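Q: I am new to this structure. Please show me how to read it, one feature at a time.

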Amino acid sequence: MRIISFTESQQIKSRYRGECYVSELSHAGHQLVPVTSLLECERIHFEAQSDLLLLNLKKITESHLAFIARLMEFSPVSLIVCSEKISENQLTCLLECGRITYTPQTLCVSRINAVIDLALLRFKAANHTLSKIEHLEQKLATEQIIYQAKSKLQSVGLNEQQAHQQLQQYAMQQGTSLIAVAKALCK
């Protein structure tokens, strides 16, 4: 796994120099790729299956939250955020995403692989949940269109069962799906 690491402040950077992340990560089969700015992070093409972003921040700012929001919208990736200072609202914003693992203070070498494993699991679970939600939203939208089409047929005197049978019959005659017939009827 490729671990892209952005460490913001000099104090944090000097603390990490004494700790051997590279050794610990390479023992676990990971490759550490340090970056020097969020702009550099935005230019990276992340692969959700093989990349993880590690942000070591002194204090989370609105620009950090905006960057994270853009990243999760356009190129979701496992993300670990370490911060010494964070407000309750900022923490809520991070956690609402569901795909982010937040660790207060700095991340010590002895815990890095366990936190990476946690971040990967959280990312996978959140993606699964978001996929289920998307599927249910699509199913609900489909049901609403079919309901509207049946209501239209009921307005000309058919009962609900007859309206549904009529839609099915149209679909079979046209060799198309029930939803396609319902959409055409609702136009």
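A: Strands (E, at least two residues) and helices (H or I, at least four) are DSSP runs, numbered from the N terminus. The model is predicted: local features need pLDDT of at least 70, side-chain atom pairs count only at pLDDT 80 or more, and totals for chains, interfaces and linings use all residues. Residues are numbered from 1 along each chain as its sequence is written, and side-chain values use heavy atoms, leaving out hydrogens and water.

Q: Why does S78 count as buried?

A: Buried means under 20% relative accessible area, exposed over 50%, partly exposed in between (1.4 Å probe, protein chains only). S78 has 1% relative accessibility, so S78 counts as buried.

Q: Which residues is S78 in contact with, leaving aside neighbours within four places in sequence?

A: Contact means heavy atoms within 4.5 Å. For S78, the list is D51, L52, L53, A119, L120 and F123. A119 and F123 are also among the buried residues of helix α6 (residues 109–154).

Q: How many bridges join β3 to β4?

A: Two strands pair if DSSP finds at least two bridges between them. Here there are seven, and the strands run parallel. Strand β3 (residues 51–59) has seven of its nine residues buried.

Q: In which sense do β1 and β3 pair?

A: Strand β1 (residues 2–7) pairs with β3 in the parallel sense, over six bridges. T7 has N56 in β3 as its bridge partner.
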